[in-house]
Amino acid sequence: MKIAIISDWHLGLNWKTELEMDSFIQLEEAFKQIETENVDLVLCAGDLFDKQLPNHEVYFQAIKVLNKINIKNNIELKNKFGQLLKIPMIGIIGNHEYRGKDYISTVELLEIIGFLKVIHAENIKIEKENEKINIFGISGLPDSLIKEILNKWNPKPIENEKNILLLHQSIKEYLPFETEDMLSLSNLPKGFNLIINGHLHWNTLIDLEQGKFLMPGSTVATQLKKIESNNKKGFYIYDSKKEEYKYIEIKNTRQIIYLDLKYNNKTISEIKYNIIEKINQSLEKIKKENINKKPFIRIKIKGELEDGFFSKDLNISYIEKEFQEKAYISISNKLEEKSIKESVEKLKDLQKNKGNIFEISKEIFFEQLKQTKLNNSFDTKRLFEALYNKDIEKAKEIIFKN
Ligand SMILES: [Mn+2]
């Protein structure tokens, strides 16, 4: 059997922004490519929609895309209402659409229209020419519940047949943080030839003891994480007879570029020109790859400014405007100022030495004046005394009559 494995479409992502059609366009492109692979079955590991309750426009676009998919239902797969499906597709509910058993999820709405069969804590046998594959699946559940519910369900792979399990969970080994309850590769259910996990938006395929662990990743970039920008969006094609897997990138997806820039002792304009240069280099690279969509460029700036320069003077919106025709740019500015760093240190010292409030406030005042570079133009001590005595007229006089 030939099986397409795809996940996390996040239909309706960035709705009401310039990027609102990306999730639909990229899903349509993915299925156009899947159609050419002559697959028997499509498996989808959750998060088909971005929101629990999308608006009608999002459903409209979703149904429009799904209606165009042309994959014959040769295995005669039916939904739970006994209707033959328009697409031979089996899916699970992801955390983005999970609403509990008392409510209808977006994915179940797609099921009743005939686009897929939804499974939860159950399995279904698919047969084609003497080949039997059992598809098991469970909805994406909170970390605090998944182990307990998996234990209760206790999915049992069927001997001498192939067994595939669909999950939508966080996995310890792939995340920079972990919770006690989070599943790890070592406590995944045993005995499956293939475990497919949605939820994490980058693709991977590794060997486990008995079989494979595969994450198709999302079909659209969501959180703009660095790991997502290093992987191109796509899906897997699994040939169960040949035991072959291939990852296929979706054509013409929007590119995400992640620039981590660190500076030391640089002025604002040096930094500004360097950022512009780096953006231009990235745009050149994209041009060479013949991608005609405006990319995302996410820039993180760190490091220390030359003395006397202020982080707030880096005009981020100027850079964003400069490139608005060519890229979506988001800059996070974490530059540190030398003088502020030093004054904070000094204040810490003062506190340690138990300076009184009057002395501390005086120190803060002088430190802040120093940063404005005005402290040579008038008598700062006199100004402080005047302000301390709430004598505004006197303070004005000291500043302006110098
Ligand atoms: Mn997701």
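Trainee: What covers the buried residues of H2?

Mentor: The cover includes H1, where contact means C-beta atoms, placed from the backbone, within 7 Å. Helices are DSSP runs of H or I with at least four residues, strands are runs of E with at least two, and both are numbered from the N terminus. Keep in mind that this is a predicted model, in which local features need pLDDT of at least 70, side-chain atom pairs count only at pLDDT 80 or more, and totals for chains, interfaces and linings use all residues. Residues are numbered from 1 along each chain as its sequence is written.

Trainee: Which residues of H2 are called buried, and which are exposed?

Mentor: Buried takes 20 or more other C-beta atoms within 10 Å of a residue's own, exposed 12 or fewer, and partly exposed is in between, with C-beta atoms placed from the backbone. Val58, Gln61, Ala62, Val65 and Leu66 count as buried. His56, Glu57, Phe60, Lys64, Asn67 and Lys68, on the other side of H2, are exposed.

Trainee: What span should H2 have, and what does the model give?

Mentor: The expected span is 1.5 Å times one less than the number of residues. H2 (residues 56-68) has 13 residues and should therefore span 18 Å; the end C-alpha atoms are 19 Å apart, which agrees.

Trainee: What makes a set of residues a nonpolar core?

Mentor: The members must be buried Ala, Val, Leu, Ile, Met, Phe, Trp, Tyr or Cys, joined through C-beta atoms within 7 Å. The largest one has 63 residues, and among those touching the most other members are Leu43 and Leu166. Helix H1 (residues 22-35) supplies its largest share, five residues. Another core, of 15 residues, lies apart from it and includes Leu13 and Ile299.

Trainee: Why are S5 and S6 called paired?

Mentor: Pairing needs at least two bridges found by DSSP. Strand S5 (residues 122-128) and strand S6 (residues 131-137) have seven, so they qualify, and they run antiparallel. Lys125 stands opposite Asn134. Two residues separate the strands of this hairpin, and Glu129 in the turn has a positive phi of about 40 degrees.

Trainee: In which sense do S2 and S3 pair?

Mentor: Strand S2 (residues 41-44) and strand S3 (residues 89-91) share three bridges in the parallel sense, with Leu43 opposite Ile90.

Conventions
Contact = placed C-beta atoms within 7 Å.
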